[in-house]
Amino acid sequence: MNKGTHFIGQPMYGQLIILLNKAKILKFSRENGGERYVKHFDAWQHLVIMLYAVIKRFDSLREITDSMFPEARKFSHLGISMMPRRSTLSDANARRPDSIFEAAYRDLYATYKDELSSDSRKRQTPKWLSRLQIIDSTTISLFSNLIFKGVGRHPKTGKKKGGIKVHASIHANEGVPSDIKYTSAATNDSFMLRPSNYSSGDILAIDRAYIDYAKFEELTARGVTYVTKMKKNLVYEIDSDTMYMSEKGQMEHRVQQVTFTKHVKGGKDIVHHARIVTYVDIKKTRAKLVSLLTNDMDMEAEDIVEIYRKRWEIELLFKQLKQNFPLRYFYGESANAIKIQIWVTLIANLLLMVMQKRIKRTWSFSGLATMYRIMLMYYVDPYSFFEAPEKDW
């Protein structure tokens, strides 16, 4: 019988989890107490099944466990010695520390970050791109306000939902989070901006929620450049003001050098020197003036604008995670179970992005994730298939 051009002797899922290091994951679990009182269902099996669930986009524990029975023989080849019951998986999500999955993600990121940042395609990239980091957060709505404190109320019912806020930092040329923190939705974003995490030459693109003069002054002292959007209510003194016009007499951009002063009770006032770059954003439906704040006094205004536009990369990442993985429904009601599911989602996202990078043919992430979801347990070579899916036709 002809098994097809793309046939291989193990499921596509088996070839995906080869990117993981089983020995390290079990080591992380032992170090964090994840194997204490465990007889059969170890951290490796837990991670493999949770990855299977988020890639297949299952919404409940019942879907996960029921779907595994027809695939029992295939799972045995992946190191799953037992088909877990719903109660077993639920208990593991509640009890096994989420720090194990965090350690697995961070190790995976350290292993593949160079591969993700490399780009063999011939295209011009600005010199500052490899130094650019982006910080932002996204809120994932939850069913209860008791686990993670929500923010705001429903305009009609007046009820407040809980929410977990995922704070992420990414390198612009990598596209996956290099640092992750979880808080309740009511937590202000500014805590994620820690000047000590950055070194001279780094560039930060941040939202206006992170404006903090003391931290901006510390970043300047460290030789770190930031670019953010202006708030309308900021008070400052204008030291110089220059308007740049086009040949047609229209404003191209305006550059102001300004000084911010923050009075501190019982302490020394904070004085911060910065530059405001105002430009006309013609990409909007209606042309709009946008003002950006930066501590870089020398960089071209066009580069400042382009750096801030790159901040959209992290918004695309959040959209990618929410559209391609199950983050509307959770496999447990505890904070630990919710964090585990998010860490596993980040691991799945990183693994698929590594595969996307290794395939020469251009695939959108959503297209690749959809095909993986459909063919996850098929005996198909992913590299062969994704390079020439029509070869068997």
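In strand 8, Tyr-279 is the bridge partner of His-253. This pairing comes from a predicted model, in which local features need pLDDT of at least 70, side-chain atom pairs count only at pLDDT 80 or more, and totals for chains, interfaces and linings use all residues. Residues are numbered from 1 along each chain as its sequence is written, and side-chain values use heavy atoms, with hydrogens and water left out.

The bridge belongs to the pairing of strand 7 (residues 251-262) with strand 8 (residues 270-281), which is antiparallel and runs over ten bridges. Strands are DSSP runs of E with at least two residues, helices are runs of H or I with at least four, and both are numbered from the N terminus; two strands pair if DSSP finds at least two bridges between them.

Stepping back to the whole sheet, nine strands form an open arrangement in the order 3-2-1-4-5-9-8-7-6, with mixed pairing. Strand 3 (177-184) and strand 6 (237-245) stand at the edges with a single partner strand each, so one side of each is left without a neighbour in the sheet. From one strand to the next, the twist averages 20°; axes are lines fitted to C-alpha atoms, for helices over the stretch in contact, and angles run from 0 to 180 degrees between N-to-C directions.

Two helices can be followed onto this sheet. Helix 10 (residues 312-324) packs on the sheet, touching strand 1 (132-141), strand 2 (163-171) and strand 3, and its direction makes about 35° with that of strand 1. Helix 11 (residues 335-358) also packs on the sheet and touches strand 1, strand 2 and strand 3, with its direction at about 160° to that of strand 3. Contact here means heavy atoms within 4.5 Å.

At the N-terminal end, Asp-212 caps helix 8, with a side-chain oxygen 3.1 Å from the backbone nitrogen of Ala-214. Just after the helix, Gly-223 takes a positive phi of about 80°.

In helix 4 (residues 61-68), Leu-61, Ile-64, Thr-65, Ser-67 and Met-68 are buried. Down the helix 4 axis they fall within an arc of 165°, so they line one face of the helix. Their packing partners are helix 3 (43-56), helix 5 (72-77) and helix 6 (86-95).

The whole structure holds twelve aromatic pairs, counted for rings of Phe, Tyr and Trp (its six-membered ring) with centres within 6.5 Å; planes under 30 degrees apart count as stacked, over 60 as edge-to-face and the rest as tilted. The rings of Tyr-52 and Phe-75 have centres 4.9 Å apart and planes at 85°, so this pair is edge-to-face. Tyr-52 lies in helix 3 and Phe-75 in helix 5, so the pair ties together parts that are 23 residues apart in sequence.

Conventions: Buried < 20%, exposed > 50% of the residue type's maximum accessible area, 1.4 Å probe, protein only. Arc of directions from axis to C-beta. Polar contact = N/O pair within 3.5 Å; in protein donor to acceptor, adjacent residues only side chain to side chain.
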